[in-house]
Amino acid sequence: MGGLMRTTSRSEAENGVFGSCINENGTLLEFFTQFDSVIEMQRHRQTQLIAETETSTPRTKTPLLIEKHAASIYTISVFYDVQAEIYEGCFSCKITWREAAEDITVYTIKEGQAKSFQVSYARETGEIQCSCGKFNRVGILCRHVFVVLKDDDAEMIPPKYIVQRWTKKGNAKEIEAHTEDKDENKLAGKVWNEFNNYMALSKGNIKDLHEILNFMVYKKGEMMKSKGMIEGKRKNSDLVDTFYGTQTTTTITIKPPPISKNKGSGKRLKSAREKAADMKKNDGRKCNGCVQKPARHDFCNCLMNPKN
């Protein structure tokens, strides 16, 4: 979660996303093109996650109504974290002490064998705080709080402890705030949302996929016919013009530099073994007795040897 990410973690996450799509030796135009592709890929992934959240309901582990309420408001990934806290609160935590003071009730929650936490709960105002401070760090209630809410027979999570960022409607409100003056973008967002919902519902059904494909091809043909467009293959030059935003030219104003000889050009570097073999071939054999060079005998067969 964003609140717990360190600076290095954010840097590693950005490198993981942009590192696979951006070349450090590329041009500035290529960088902006690839950057737009990465952002579009993230938006597409976000749209898929929204569609999965709206078209699926996660399973609950307990019969508590508060868990069903969490499943209806949180996204799937965040709900699983909340579900783990509710489950652990039911089976690994227990209330060992309760003390009422005016409008606030202080609970002592024991987790496991040695850990104990203090939870203060004001039922009338709905305020609840735990000494572990998980809500301040992560943005979801901890297992100790859910023990108290279970003891109070609460059916819903208090609204002030529902972070809008973790809910299903968190992204929808953010998009509406940015596109409230653009009806076309609003409508396009709704179309993409419905399309992703349809794809999620028709997953594994070939018949439904064929139906939506035939409908899209038919509508595409009608739109092209009404606009007087003819579908055909585009030339490579058109693709280059679209990518670089300019037309190709046949006039070459920059020519490659003339080829120049560098130091050692045209010669192959020899290894030490080859150099030793060439040296031996040039020097020839030498007799240590008569000091003849090159010689076809050695000191044992030399006439100058006293033993001969």
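Which hand does the crossing of α2 and α8 have, left or right? Keep that in mind while you set up the view. The model is predicted.

**Stop 1: the helix pair.** Select residues 28-55 for α2 and residues 183-201 for α8. Their axes lie 9 Å apart, and the helices pack at an angle of about 60°. The crossing is right-handed.

Now show the side chains at the contact. From α2, pick Thr47, Gln48, Ile50, Ala51, Glu54 and Thr55. From α8, pick Trp192, Asn193, Asn196, Asn197, Ala200 and Leu201, which they meet. Colour by type: five residues of this contact are nonpolar, six are polar and one is charged.

**Stop 2: the nonpolar core.** Move to the largest nonpolar core, a set of 30 residues. Select Tyr74, Val82, Val119, Ile128, Val145, Phe146 and Leu149, the residues with the most contacts inside this core. Two or more residues come from each of α3 (65-73), α4 (76-91), β2 (104-111), β3 (115-122), β4 (127-130) and α6 (143-151). In soluble globular proteins, nonpolar side chains tend to be buried together.

Centre on Val145. Leaving aside residues up to four places away in sequence, Val145 touches Val119, Ile128 and Cys130.

**Stop 3: a loop residue.** Select Asp153, in the loop between α6 and α7 (170-178). Is Asp153 buried or exposed? Its relative accessibility is 64%, so Asp153 counts as exposed. Check the backbone too: phi of Asp153 is near 60°, a positive value in a residue other than glycine. Most residues other than glycine have a negative phi.

Technical notes
Residues numbered from 1 in each chain as written. Predicted model: local features only at pLDDT ≥ 70, side-chain atom pairs only at ≥ 80, totals over all residues. Heavy atoms only, no water. Core = buried A, V, L, I, M, F, W, Y, C linked by side-chain atoms within 4.5 Å. Buried < 20%, exposed > 50% of the residue type's maximum accessible area, 1.4 Å probe, protein only. Helix = DSSP H or I, 4+ residues; strand = E, 2+ residues; numbered from the N terminus. Contact = heavy atoms within 4.5 Å. Axes fitted to C-alpha atoms, helices over the stretch in contact; angles between N-to-C directions. Left-handed = near helix turned anticlockwise from the far one by under 90°. Nonpolar A, V, L, I, M, F, W, Y, C, P; charged D, E, K, R; others polar.
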